[in-house]
Amino acid sequence: MKKLAAVYGGSAPHHRALNEPKYRRWLSGLIYLPDLPGADLDGFDGLLIPERLHRGKLDEAAGSVLAYLDRGGTVLVFSGGEHPPVWLPGLKWEHRPTNFWWWLEPGADLGLVCHNPDHSLFGYIELDDATWHYHGLLHPPEGAETLIALRDEGALLYIDRVSTPGTLLVTTLDPLYHFGSYFMPATERFLDGFLPWVVRELL
Amino acid sequence: MKPTRSPSGSSSPSKSARIAMLDTGLGTMPHMKYDFIRERVESLDMYELPEAELSPYVALMITGNVDQELLYRERKRIQDFLDSGKVLVFSGHLSREWLPGAGTFVPKEIRSFQDYEIHKAKDHPIFEGVETKDLTFRRGVAGFFARGHNPPPEGVEVILTLPGGEPVVYVDRRSTRGVIFVSACYDLLGFGLDRLYSDDAPETTASLIAPQLLAWIEKETS
């Protein structure tokens, strides 16, 4: 099995999401955020950086995360309302207010679309499993692959294999925070499919 | 509105009752947009806690995104702060044993939105005038306030409960010489301040919580 490490920020939502047995089995290691700058990442095929991490501490690890990408590593970055790390190559993020009540209106639609339904990710999750709310829009660099988008606007999840020798997945979906907070059931369906997809298909 | 001082709280406040709120590093703390909060609350980066001088503060406010591995390492300092007669307000789910007397979060099994219904077990000045429907629902969505509880020790004052009687807000005056206020809500100071995030947010009586929480801290520590 390919080795995926996750960064653990010490919060209760992270504690639950990353230690839940059905998710922990896909993780070969947890790296406590303050230890990230000095961590040896070469033993891992991928690094998952969850949403809602202390920005100052994450910025201290920028050099080692970028070096890992330069060595061909895979990095997955989530954002839950906070600006994704500005030092990520190719990143363009735009704030959008969060609408968490959109589904109360009958027939309402959050506006998520996928342009390539044959992508391996959609063998593991359906678009519905990614639909709770989103925290901002991404404008991916040219050549990146957008998997989940907001209709006519921008990306919510993309994979960039052009900006670095490695693979960078960026998303403004925040499933770890919500699953870890016992809130928003779609986030559990998302993680049930997403983590095995990362380990089996992406890495 | 123009801030009267830096949201980082680097200048000295005018009030003697200084309250520190641990900043979990997600960017500027939106609470500080409000003058009445900025005048009383200073943000303190959570990773500065081990070296920070806590004696000038009468209260420490901690929210649900805090690094509890850090708080576990600093639990003696937190106990000492409380034993000097101070107030600690924790909002969130406890995942480590750093808060005197409290157990780690127990989630509630949710079968319908009614399982999220908040009840007042007794009147408390922080929730005076706050309707329970405004705790149960936020913009029509139930569950923001509590989805389980942090188990309290014996003999605490239970303020709010879930339908099964689970204590989601309590005050503990017995575990230390200070006062511990625990809420299972992610950020009690920010709850009800929806206009922090959106100008068109509807009026809610939950907006009374923030000023009443600060007033209660001031009364407890005066």
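Trainee: How much area do chain A and chain B bury between them?

Mentor: About 2,200 Å², with 63% of it on carbon and sulfur atoms. Buried area here is the accessible area (1.4 Å probe) that two parts lose on being put together, summed over both. Keep in mind that this is a predicted model, where local features need pLDDT of at least 70 and side-chain atom pairs count only at pLDDT 80 or more, while totals for chains, interfaces and linings use all residues. Side-chain values use heavy atoms, with hydrogens and water left out, residues are numbered from 1 along each chain as its sequence is written, and chains are lettered from A and ligands numbered from 1 in the order in which they are written.

Trainee: Thanks! Which elements of chain A give two or more residues to the side that touches chain B?

Mentor: Those are α1 (12-19) and α3 (55-60) of chain A. Helices are DSSP runs of H or I with at least four residues, strands are E runs of at least two, and both are numbered from the N terminus. The largest share, three residues, comes from α1(A).

Trainee: And how do the residues on that side of chain A divide?

Mentor: Into 13 nonpolar, six polar and four charged. Ala, Val, Leu, Ile, Met, Phe, Trp, Tyr, Cys and Pro count as nonpolar, Asp, Glu, Lys and Arg as charged, and the others, Gly among them, as polar.

Trainee: How many salt bridges are there between chain A and chain B?

Mentor: Zero, taking a salt bridge as a side-chain nitrogen of Lys or Arg within 4 Å of a carboxyl oxygen of Asp or Glu.

Trainee: OK, new topic. What lines the largest cavity?

Mentor: Residues of both chains: A:P13, A:Y177, A:S181, B:G64, B:G92, B:H93, B:R147, B:A184 and B:Y186. On a 1 Å grid over the protein atoms alone, a cavity is a set of points where a 1.4 Å probe fits but cannot get out, and lining residues have an atom within 4 Å of a point.

Trainee: What volume does the largest cavity have?

Mentor: About 50 Å³, and the structure holds three cavities of 30 Å³ or more. Grid points are joined across faces, edges and corners, and a volume is the space filled by probe spheres set on the points.

Trainee: How does the lining of the largest cavity divide?

Mentor: Four nonpolar, four polar and one charged.

Terms used: 1 Å grid on protein atoms, 1.4 Å probe; cavity = no way out; pocket = protein on both sides within 12 Å on 5 of 7 lines; lining within 4 Å.
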